[in-house]
Amino acid sequence: MTTPTIGTADLPFPGLAGVPTNDGPQNRKEYTSDQEVRWCPGCGDYAVLSAVQSFLPELGLRRENIVFISGIGCSSRFPYYLDTYGMHSIHGRAPAIATGIATAREDLSVWVVTGDGDALSIGGNHLIHAKRRNVNLKILLFNNRIYGLTKGQYSPTSEPGKVTKSTPVGSVDFPFNPVSLALGAEATFVARTIDSDRKHLTQVLSAAAAHRGTALVEIYQNCPIFNDGAFDAINNPDTKADAIIPLNQGEPITFGVDGSKGIVRAAGGGVEVVDTADVAPETLLVHDAQNPDPTTAFALSRLTDAGILHQSPIGIFRQVERPTYDDQARAQIKTASEGLDDPMAALANLINGGDTWTIL
Amino acid sequence: MAKQVQQLDRVIIRFAGDSGDGMQLTGDRFTQESAAFGNDLVTFPNFPAEIRAPQGTLPGVSSFQVHFADHDILTAGDAPDVLVAMNPAALKANLADMKPGTAIIVDSHDFNARNLTKAGYEANPLEDGSLAEYVVTVLDLTGMTVEGVKEFGLSRKDAARAKNMFALGLLSWMYGRPTETTIAFLEKRFAKVADIRDANIKAFKTGWNFGETTEAFMVQYEVKPAPMSAGTYRNIAGNLALAYGLVAGGVASGLPIFLGTYPITPASDVLHELSKHKRFGITTFQAEDEIAGVGAALGAAFSGSLGITSTSGPGIALKSETIGLAVMTELPLIIIDVQRGGPSTGLPTKTEQADLLQAMFGRNGEAPVPIIAPQSPGDCFDAAVEATRIAVTYRTPVMLLSDGYLANGSEPWRIPELSELPRIEPNFATEHNHETRSKPDKDGVVSVASDFWPYLRDEETLARPWAIPGTPGLEHRIGGLEKGNGHGNISYDPANHDFMVRTRQAKVDRIADSLPPLEVDDPSAIDGAGARVLVLGWGSTYGPIGAACRRVRKAGGSVAQVHLRHLNPFPKDLGDILKRYDAVMIPEMNLGQLSLLIRAKYLVDVVGYNQVNGMPLKAAELAEAISDLISTTTGDLDAARPSDTSKEPVK
């Protein structure tokens, strides 16, 4: 099948407004730090890093105005390898730290790099609150469905029954679906892409960068050491056509060999997979990520298996406009501070307020 | 009828009622009137953690104590001279603090069977003679209030709610308080509800007039203004002074303030206040939890703001990991802990000083954090400015330990001249600070490349450069992993770790170089040999310790007092001062946390005086303990004792 196109031509949201642009062209070398990359051979993180290093110069921003914040985990080493400003922070807290940066500074393009354990387990609270606030952050959630850095325990996205070091007879946890969670948390931009599909990954990153507000990008990422093959269904040439459900804006959702399968609305209120031969073409669901109502996006997110992955929608689920927390917070300050040209005099007024008396 | 006017040098009044009776407002207004009149004063609000505990019960009692005087005073007073009790529970809960002969004014309205039972009285104390040793005035304050405001057509419930203003009017008459500020206050507060506004003003005036005309009170008291040094004053509570100090720190440093925080008693007022002052470029971020609050503040600090987080003890526990990250990344950050009773949820509305060791050691690894503490409500302003200076100058998180007593208590505050503010220079890095020279090439030419090293330090302060995003050429990555000295890249080298651990400690220790010498208060050293006993304190115990020392001295004893603003690092002269005394006592509202630090660092066998009951120390009891220590130290077992009185002596 062909790589899905998602259309970034006329993105409606100026996600990078306020960030200074660069005068001349940039290249990936400028964005590559002098630090040796230390992921395991074959790790999906390499592909994502490479894509990001190539993609950032295309944004045309001043490099010093880009900030990458990460938490803890394999993927969270990411900022060390980019020659931008960055912080490798503590477990789960990257969205909180990035919220402070993005709110304090309109002129920065702020990115969060996190993993399934970092974002969905220890940092779950910060993740959902960043989304509902709609802070102008781009969150790259590397989902390998395992704890790698601590050497192989099940994660909050591992399939039920998963046998790991900490679950020798199988996990009895039910996993999060990161896209469903994001939609439930009022996220304004929610997408899923794949480490091994560089073109799609880059397109999704571009759309996320263009979005003003919190963008949650789940990246399926293979861990060759502790969870190899978790995404075989979508990577294997024999099965990927049936496994990847591409979401293309304004197009009927079809997949499978020669578009043999499609998505239609189900009687119960959700959506379901049908053989396209069995239905009238006009009954196929036309994808609309810009629908203000997230119901259909949520229904689509449920097509992803909670267990071993056999099929999953890939693309932008939701892309809607809502005022951002940081823009509004800055606007309140701007309004309040109009005409304040002498802070020292204003401070004197402040502390001399209330009932005062003077002793001579 | 002409009334007698009697002069007093000080009075302690406690207003007590149900937590919905408006006792905090009543006390606060009486305080503002006294401040406007020119008395020195100290207040102590005391209220339950429940917003509306069951009405009429002992746990629901809320009180406000105000001590006002014609001279300089240090505490809110150990025991009231006057108790105003608005219901049976308020009487019962506060009676134990009243000494024989003191005055009690009771609103008799709620002394019915139902409310007496709720308060746990088997018989009516107003009738059974159990109050015989007090001067009791029984008045139907509620009934008189309802009668007085009937012209406004309020419901009986709304009319009765103005009884606190009736009581305030009566007490204002009794002590000759000016009334204009309260009337102006009520006009503003209830501007949108005319009938409530008018009823409250009427109740206030009716209470005043009742005092003037009734034969129940034949004496009016006068407490003259206290002499104070020249300046403009206002009454201020600790949390307000703290918020103002933070604004001042922002102005003095030229940095935008970012407060990342989460509501918690008794620290929330700092958030409320700063959220009003966006005009100064202040962002207040009410986060999803304590961890996000400090995280966002640290992120803002990384990007060039003055990052602040405010909380109480339980919040510090949650923030510890991020404070450790701030230690490692060496970024300026102000952490405010308005301490309350602990452990765990503890006593949310009561005061305590038991977070000192948490502030000092409550992180994994060797993670030194400077600690400072204000000593009075007004001093919270200066402490906040000092926290800013240390954080920005030394690129470090700073812990500021206030407490519930300072937070809600108030005192007259001489408004500082802003020319007195220190200049605080952020000195952001803008240029490369390091050169790498290549090995000579085949022609012997050495090339030099400049770059930016985020962990190269200032020689004097050991502070690292603060290079904020947006600065071209200084792009760098920091984080929680150990840094290589200088270049700041990840380093697992054993020798480097040892060096960096010691360097982070040395940087905090260097702060002591910037501190002024300690002030030792010992009048007996001016023209005599000086005291042999030193009392060392920190934080809000300054008032009770000072008052206790005055008692001891008035009785003829010699005692020296030193109060610490800086708890980490200690001032450089502290060790020498401690060695000059035969005995050192450390009073604290904990089980001996400063004692532990002093013993560990200076090997001085200090004597602890420890009370952890959620209340400020009582000066009279502390004076007894100091006198005991003087007796033991000097061997003079017949040494003069402070007289057993609840009054705080004049200096």
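In the predicted model, B:Glu352 is buried but takes part in no salt bridge. The nearest side chain of opposite charge belongs to B:Arg340, at 9.1 Å, whereas a salt bridge requires a separation within 4 Å. A polar atom of the B:Glu352 side chain does, however, lie 3.1 Å from the backbone nitrogen of B:Gly342. In chain B, the loop that holds B:Glu352 runs between strand E13 (333-339) and helix H13 (356-361). Beyond its neighbours within four places in sequence, B:Glu352 is in contact with B:Gln339, B:Arg340, B:Gly341, B:Gly342, B:Asp403, B:Met589 and B:Val612.

Chain B as a whole is divided into four parts: domain 1 (4-222), domain 2 (233-420), domain 3 (434-513) and domain 4 (523-647). Between the C-alpha centres of domain 1 and domain 2 of chain B the distance is 34 Å. Their contact involves 16 residues of domain 1 and 10 residues of domain 2.

The area buried between domain 1 and domain 2 of chain B amounts to about 980 Å², with carbon and sulfur atoms contributing 55%. On the domain 1 side, the residues that lose the most area to domain 2 are B:Thr43, B:Phe47 and B:Ala49, which together account for 37% of what that side buries. Across this interface of domain 1 and domain 2 of chain B, 0 salt bridges are found, while 4 residue pairs are in polar contact. Helix H1 (23-37) and strand E3 (40-46) of chain B each provide at least two residues of the domain 1 side that touches domain 2. Strand E3 of chain B supplies the largest share of that side, with 7 residues.

Terms used
Residues are numbered from 1 along each chain as its sequence is written. Chains are lettered from A and ligands numbered from 1 in the order in which they are written. This is a predicted model: local features need pLDDT of at least 70, side-chain atom pairs count only at pLDDT 80 or more; totals for chains, interfaces and linings use all residues. Side-chain values use heavy atoms; hydrogens and water are left out. Helices (H or I, at least four residues) and strands (E, at least two) are DSSP runs, numbered from the N terminus. Buried means under 20% relative accessible area, exposed over 50%, partly exposed in between (1.4 Å probe, protein chains only). Lys and Arg count as positive and Asp and Glu as negative; His and the chain ends are not counted. A polar contact is a pair of N or O atoms within 3.5 Å; within protein, one must be able to donate a hydrogen and the other to accept it, and residues adjacent in sequence count only if both atoms are side-chain atoms. Contact means heavy atoms within 4.5 Å. Domain bounds come from an automatic or database domain assignment. Buried area is the accessible area (1.4 Å probe) that two parts lose on being put together, summed over both.
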